[in-house]
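Look through the model shown here. Then follow its strands, rings and cores in turn.

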Amino acid sequence: MRPPTIEDVPWIHAAYADWPPTPRRGYATFDKVEKWVQRWIHRDDELCYVEPGIGLVTYRIGPFSAVIDNIVVHPEHREQGHATAMIEWLTKHLFDEGVLVATFKTLPGPIANKYPEGVVTAWQ
């Protein structure tokens, strides 16, 4: 996993293509995704790591805690274990950074199955 680059915009846009619109942000248009990637590159209020062409994770870190915002897998790579691998990588990465608790809201799927309460701790 690595930080995103502007060259990642096309496949990231494709990864979000079937996500439902949000009341605040609407659909993930190409222009919006390009702005998100630029923000992830130049700011540190929301962090992003990508597995190029496969998927990405976004999260925010506070004192001893993190909020996981998105784990997205490109539609061509779903149901192949990539989300599970990214969850394992992110969990280790966050705990190595000193995070003790990570929280998230999730759609049904591998994260909800593994952490049904929406919380993972360093003690698990």
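Predicted model: local features only at pLDDT ≥ 70, side-chain atom pairs only at ≥ 80, totals over all residues.

Residues are numbered from 1 along each chain as its sequence is written, and side-chain values use heavy atoms, with hydrogens and water left out.

Start with the strands. Helices (H or I, at least four residues) and strands (E, at least two) are DSSP runs, numbered from the N terminus. Strand 1 (residues 47–51) pairs with strand 2 (residues 55–62) in the antiparallel sense, over five bridges. Pairing requires that DSSP finds at least two bridges between two strands. Tyr-49 has Val-57 in strand 2 as its bridge partner. The two strands, strand 1 and strand 2, form a hairpin with three residues between them. In the turn, Gly-53 has a positive phi of about 75 degrees.

Now the rings. The structure holds four aromatic pairs. Rings of Phe, Tyr and Trp (its six-membered ring) pair if their centres lie within 6.5 Å; planes under 30 degrees apart are stacked, over 60 edge-to-face, and the rest tilted. Tyr-16 and Trp-36 are edge-to-face because their planes stand at 70 degrees, with ring centres 5.2 Å apart. Tyr-16 sits in the loop between helix 1 (9–15) and helix 2 (30–42), and Trp-36 in helix 2, 20 residues apart. Tyr-16 is buried at 4% relative accessible area; Trp-36 is buried at 13%. Buried means under 20%, exposed over 50%, and partly exposed in between (1.4 Å probe, protein chains only). Tyr-16, Trp-36 and Trp-40 form one aromatic cluster.

Tyr-49 returns in a tilted pair with Trp-89: 5.0 Å centre to centre, 55 degrees between the planes. Tyr-49 lies in strand 1 and Trp-89 in helix 3 (residues 82–96), so the pair ties together parts 40 residues apart in sequence. Trp-89 is partly exposed, at 27%.

Thr-58 belongs to strand 2. Its relative accessible area is 0%, so Thr-58 is buried. Leaving aside neighbours within four places in sequence, its contacts (heavy atoms within 4.5 Å) include Trp-40, Cys-48 and Ile-68.

Last, the cores. A nonpolar core is a set of buried Ala, Val, Leu, Ile, Met, Phe, Trp, Tyr and Cys residues joined through side-chain atoms within 4.5 Å. The largest has 15 residues; among those with the most contacts inside it are Val-57 and Ile-68. Strand 2, strand 3 (65–73) and helix 3 each supply at least two residues of this core. Helix 3 gives the largest share, five residues. Another core, of 14 residues, lies apart from it and includes Tyr-16 and Trp-40.
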